[in-house]
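I set out to read this structure entry by entry, looking up individual residues before turning to the chain as a whole. My notes follow.

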Amino acid sequence: MSADDFVVLNFNQDLAKELAQKTVAKVVPFSTTEKVDGAYLDGDTLYFKGEAIMKASEIGVPGSHNVENALATIAVAKLSGIANDAIKETLTHFGGVKHRLQALGEINGVKFYNDSKSTNILATQKALSGFDSSKVILIAGGLDRGNEFDELVPDITGVKLMVILGESAPRVKRAADKANVPYVDAKDVADAARIAYDKAEAGDVVLLSPANASWDMYKSFEVRGDEFIATFEAIKGE
């Protein structure tokens, strides 16, 4: 890189700040925790160099990580000369990448999100951060890799219900017990989606975010997610 280039860095991370000291390129930081000379979050508003762009609550996909993604997008867009209205329009209507906290739609006031790509605890923690826990029915479980789910306990505390499946079900249930979250069993994702919808009320969220790989039951997370999508469409058509 040269002094004529720009590098957009996440100043929430210490490593990015270290890199900023080493590069010869022009550094454009973004952060959700501090006002930087770039893109940042202040309250519920996303700014670029002091100019308000949009509300964080207007971003089309939930999750604290997606606020960071939006800030990075704003930084690149502003450097490219894109108008604020176009930035806001794009970020408001972006529904997520397939299987990555993908908004499927709503049935009788119940929203469905496909986050089948969440094959580890951290990914599910990020997904849960975007919702009111008391409204979430979480579908979780999958390949048993021998790890416990204690790290997930603070994040699932307050969740309305868990629908648990797969080889890792006993371990996931132990975490649910520690969080005092009620749970029910499901035989597969299709069964889990129907159980979750039956238990849901208007305003609730049915979230497939397994925190586990899929290989105990499915060839890939894509196949698992596709079954969730197909079940959503089937319920919607009934």
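I work here from a predicted model. Gln-125 is placed in helix α4. Leaving out residues up to four places away in sequence, I found that Gln-125 touches Glu-151, Leu-152 and Asp-155.

I noted a phi near 50 degrees for Lys-49, which is a positive value in a residue other than glycine. Lys-49 is located in the loop between β4 (45–48) and β5 (51–55). Its relative accessibility is 46%, so I record Lys-49 as partly exposed. I then looked up Leu-101, whose phi is likewise positive and near 50 degrees, again in a residue other than glycine. Leu-101 sits in the loop between α3 (84–93) and β6 (102–107). With 2% relative accessibility, Leu-101 counts as buried.

How many aromatic pairs does the structure hold? I find 5 of them. In one of these, the ring centres of Tyr-40 and Tyr-47 lie 5.3 Å apart with the planes at 15 degrees, so I class the pair as stacked. Tyr-40 is buried, at a relative accessible area of 9%.

I next looked up Tyr-113 and Phe-131. Their ring centres are 4.9 Å apart and their planes stand at 65 degrees, so this pair is edge-to-face. The pair links distant parts of the chain, the two residues being 18 residues apart. Tyr-113 belongs to strand β7 (residues 110–114), while Phe-131 lies in the loop between α4 (121–128) and β8 (136–140). I record both partners as buried: Tyr-113 has a relative accessible area of 11%, and Phe-131 has a relative accessibility of 15%.

I also noted a cluster in which ring pairs link Phe-112, Tyr-197, Phe-228 and Phe-232.

Which lysine lies over the face of Phe-6? I find Lys-26 there, at 5.4 Å from the ring centre. Lys-117 lies over the face of Phe-221, also at 5.4 Å from the ring centre.

I consulted the UniProt record, an unreviewed entry, which carries the annotation "domain: Mur ligase C-terminal" for residues 99–211. In the model, the end C-alpha atoms of residues 99–211 lie 13 Å apart. I find that this span is 29% helix and 24% strand.

I find 8 helices and 11 strands in the chain. The radius of gyration is 20 Å, close to the 18 Å given by the globule rule for 238 residues, so I record the chain as being as compact as a globular protein of that length. Along the principal axes, the C-alpha atoms fill a box of roughly 55 × 40 × 30 Å.

I looked up burial for the chain as well: 47% of its 238 residues count as buried. The chain exposes about 11400 Å², and carbon and sulfur atoms supply 50% of that area. Of the contacts between residues at least 6 apart in sequence, 59% join residues at least 24 apart.

Terms used:
Residues are numbered from 1 along each chain as its sequence is written. This is a predicted model: local features need pLDDT of at least 70, side-chain atom pairs count only at pLDDT 80 or more; totals for chains, interfaces and linings use all residues. Side-chain values use heavy atoms; hydrogens and water are left out. UniProt positions are given in the numbering used here, feature names are shortened, and annotations may be inferred rather than shown by experiment. Helices (H or I, at least four residues) and strands (E, at least two) are DSSP runs, numbered from the N terminus. Rings of Phe, Tyr and Trp (its six-membered ring) pair if their centres lie within 6.5 Å; planes under 30 degrees apart count as stacked, over 60 as edge-to-face and the rest as tilted. Buried means under 20% relative accessible area, exposed over 50%, partly exposed in between (1.4 Å probe, protein chains only). A charge sits over a ring if NZ of Lys or CZ of Arg is within 6 Å of the ring centre and within 35 degrees of the ring normal. The radius of gyration is taken over C-alpha atoms; the globule rule is 2.2 Å times the number of residues to the power 0.38. Contact means heavy atoms within 4.5 Å. Accessible areas come from the Shrake-Rupley method with a 1.4 Å probe; for residues, only the protein chains shown count as cover.
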